[in-house]
Amino acid sequence: MESSRRHFLACAGASVSGLLLHKNGYAAALDLFQGTPPAPTKIQALTRTLDINGKAATVLGLLQKNGTQGLETVVNQPFQVVLENKLTEPTAIHWHGLHPPNNEDGVPGVTQPVIRPNESSFFNFPVIPAGTHWMHSHEGFQEVRLLSAPLIVHDSAEQAADVQQVVVMFGDFSFTPPSEIYAKLRAPKKDMAAMGKMASKPDANDVNYDAYIANDRTLADPEVVRVEKSGRVRLRLINGSSGTNYFVDLGSLTGELIATDGMPVKPIRASRFPLAIAQRIDLMVQVPPSGGAFPILALREASSEQTGILLATAGAPIKRLPVQASTPTGLLTLDQESQLSAVTPLSPKPADQTSVLRLQGNMAKYQWMINDVVFNVNNPGAEKSQVRVKMGQRVALKFVNETPMSHPMHLHGHTFQVLEINGRPLQGPLRDTILVPGNASVTVAFDANNPGLWFVHCHIIWHLEAGMAALVKYEA
Ligand code: C2O
Ligand code: CU
C-alpha cells in the first residue's frame with residue numbers, strides 16, 4: 001500500500017502528506033505575524049491522484065508550490081493570494097468562513113467572473129475572522145471532485161499556548177462522475193412504488209459515495225499523527241463533504257468544543273459532536289499520560305460508514321479500523337447546538353428586520369426551493385434577490401424547513417448568531433453554516449456590515465445545483 005501510494009504521488013507530482021500545520025506552515029504563519037513582510041502566496045488549482053482503497057482516483061486540488069494543501073495565515077494580515085488555474089476548465093474559489101469584500105468572494109455570476117485555464121486571479125483583503133475555515137470551488141461540481149482545502153487563520157493569542165494543532169478535513173468521494181450522480185438524482189421517478197420507497201427511506205444521504213475520507217485517506221490507510229504523552233492537541237475539524245453529515249467520535253477520549261465555524265464558544269465537554277456539511281469545530285483533547293493510539297473518527301449520519309485519523313504516541317501499536325462500524329448512527333440533531341453559547345455574542349439589540357426563508361423540495365422532480373423559487377445557480381445574477389438589507393441593520397433570517405430532510409444553510413461574507421431553535425430562544429454560537437433539521441425552524445441574526453450581493457444556500461451540492469439558494473442584497 002505504501003509503495004503504491006508513493007507511486008500515485010509521483011504521478012501526481014504533489015504530496016498529500018504535505019498537509020497544514022507541519023512545523024513549516026505554522027512557523028511561517030508565526031513569522032508573518034511577527035512582521036516579516038508578506039509575499040503573495042501562490043495557490044494552484046490542479047489535478048492530482050489519490051489512492052482510494054487501492055484504486056487510483058483522479059481528483060482536483062488546491063496546492064501551494066511546495067505541495068501544502070490550502071493555506072495558513074494570521075488574522076488581520078493581508079490575504080494576498082494568487083490563484084492560478086492549472087485545470088483545463090474554468091474555476092472559481094470561495095473562501096468559506098472569511099469576510100472578503102464582495103468582489104473577492106469567488107462566486108461566478110454573482111461576485112466575479114470565472115478564472116479561465118492558465119489564467120490567475122489576485123486576491124488582497126484583510127483576513128477576518130480568525131478560525132478554522134476552508135476554501136472550495138463554487139463552479140459546477142468541482143467541489144465534489146475535491147477542489148477544496150483547509151484555510152486556517154491563527155489568532156495572536158495562540159502563540160503562548162503549548163498546544164499541538166492538527167487539521168483534519170473530512171470528505172466523501174465517488175468514482176462516478178458528479179454529472180452522472182446528479183442525472184440519476186433527477187431522473188423521473190415513474191412508478192408509485194419507487195416514490196413510496198423514497199418517502200420511507202431515512203431522510204439523510206441522497207447519495208451513497210464510494211469512500212469517506214479524512215485528509216484524503218480512508219481507514220484502510222489512515223493518517224497517523226504523532227502526539228506526546230500528556231500532550232494537549234487542538235483538533236481543527238472541517239467537513240468538506242459535498243453530501244455527507246458526520247458525528248465526530250473521540251472514542252475513549254473526551255474533548256472540549258471551543259469553536260464553531262472558527263468562532264469561540266464557551267467550552268463544553270463530550271466525546272461525540274455533530275459536524276454538518278461545511279461546518280467546522282475546534283476540539284481540545286488531552287493525550288493520557290500512559291499514551292497509546294486514539295482514533296478520531298467521523299461517523300456517517302444514519303449509516304455505518306466511518307473515516308478518520310489516529311493520534312498515536314511513539315511506539316503505540318496501531319490497530320486497523322474497519323470502514324464500516326458495527327452499529328449505525330442516527331440523524332444529526334440540534335441537541336448539542338442548544339447547549340452552546342458564543343464567547344462574544346452579537347451586541348444585544350432587536351432585529352431591524354426578520355426574513356423568513358422557507359426550505360422546500362419536490363422529491364418527484366428533485367427540485368429544491370427557497371420561498372417557492374427554484375434558484376438558477378447557473379445564472380444567479382438573473383434571480384431576484386429575496387432578502388434586501390441596509391448597511392448597519394441587524395438582520396434576522398428565520399429558516400423554516402418544510403421538508404423532512406435536513407439542510408446545512410450557509411451565508412456568505414458574514415458570521416451569524418443562532419438565536420432560536422424551534423421557537424425556543426437562546427444566545428447560541430456564532431457560525432456561518434447552520435444545520436436546519438427536517439421540519440424544524442432555526443433563526444439566526446447578523447449585522448449587515450459587508451455590502452454587496454451575497455449567496456445564502458444549502459451546502460449539500462446536489463440541493464444547491466437543484467435550486468436551494470437565495471441572495472442577500474444590500475441596498476443604498
Ligand atoms: Cu462553502 Cu457558497 O459555499
Ligand atoms: Cu439541502
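In the predicted model, Phe79 has Phe125 as its bridge partner in β6. Strands here are DSSP runs of E with at least two residues, helices are runs of H or I with at least four, and both are numbered from the N terminus. Two strands count as paired if DSSP finds at least two bridges between them. The four strands β2-β1-β4-β6, in that order, make up an open sheet with mixed pairing. Its edges are β2 (55–64) and β6 (120–126), each of which pairs on one side only. Neighbouring strands of this sheet are turned by 30 degrees against each other on average, with direction ignored. The axes are lines fitted to C-alpha atoms, for helices over the stretch in contact, and angles between N-to-C directions run from 0 to 180 degrees.

This is a predicted model, in which local features need pLDDT of at least 70 and side-chain atom pairs count only at pLDDT 80 or more, while totals for chains, interfaces and linings use all residues; side-chain values use heavy atoms, leaving out hydrogens and water. Residues are numbered from 1 along each chain as its sequence is written, with chains lettered from A and ligands numbered from 1 in the order in which they are written.

The chain holds five helices and 31 strands. Of its 476 residues, 59% are buried. Buried means under 20% relative accessible area, exposed means over 50%, and partly exposed lies in between (1.4 Å probe, protein chains only). Among contacts with a separation of 6 or more, 76% join residues 24 or more positions apart. A contact is defined by heavy atoms within 4.5 Å.

Strand β7 (131–137) is largely enclosed by the rest of the structure, because seven of its seven residues are buried. Both of its faces are covered. Gly131, His133, Met135 and Ser137 lie on one side, and Thr132, Trp134 and His136 on the other. In a regular strand, side chains alternate between the two faces of the sheet. Strand β5 (residues 93–96) runs antiparallel to β7 and is joined to it by four bridges. Within this pair, Trp95 stands opposite Met135. Six bridges join β7 to β8, again in the antiparallel sense. Trp134 has Pro150 of β8 as its bridge partner.

The loop between β7 and β8 (148–154) contains His138. His138 counts as buried, because its relative accessibility is 11%. Its side chain makes a polar contact with the side chain of His457, at 3.3 Å. A polar contact is a pair of N or O atoms within 3.5 Å; within protein, one must be able to donate a hydrogen and the other to accept it, and residues adjacent in sequence count only if both atoms are side-chain atoms. Beyond neighbours within four places in sequence, the contacts of His138 include His94, His412, Phe455 and Leu464.

The copper ion (ligand 2) has three protein donors: His407 (ND1), Cys458 (SG) and His463 (ND1), at 2.0 to 2.1 Å. Donors are N, O and S atoms within 2.8 Å of the metal (3.2 Å for Na, K and Ca); water is not among the atoms, so sites may look incomplete. Along the chain, the donors follow the spacing H-x50-C-x4-H. His407 in strand β24 (residues 407–411) and His463 in helix α5 (residues 461–465) are 56 residues apart, and the pair links distant parts of the chain. His407 is buried, with a relative accessible area of 0%. His463 is also buried, at 0%.

The largest nonpolar core has 79 residues. Such a core is a set of buried Ala, Val, Leu, Ile, Met, Phe, Trp, Tyr and Cys residues joined through side-chain atoms within 4.5 Å. Leu235, Leu311, Phe399, Ile434 and Trp462 have the most contacts inside it. Strand β9 (residues 164–173) gives the most to this core, with five residues. Leu235 touches, among others, Val166, Leu250, Ile281 and Leu311, not counting residues up to four places away in sequence. Another core, of 23 residues, lies apart from the largest one and includes Leu60, Ile93, Leu98 and Ala149.

Strand β19 (residues 306–312) contains Gln306. Gln306 counts as buried, at 7% relative accessibility. A polar atom of its side chain lies 2.8 Å from the backbone oxygen of Pro322.
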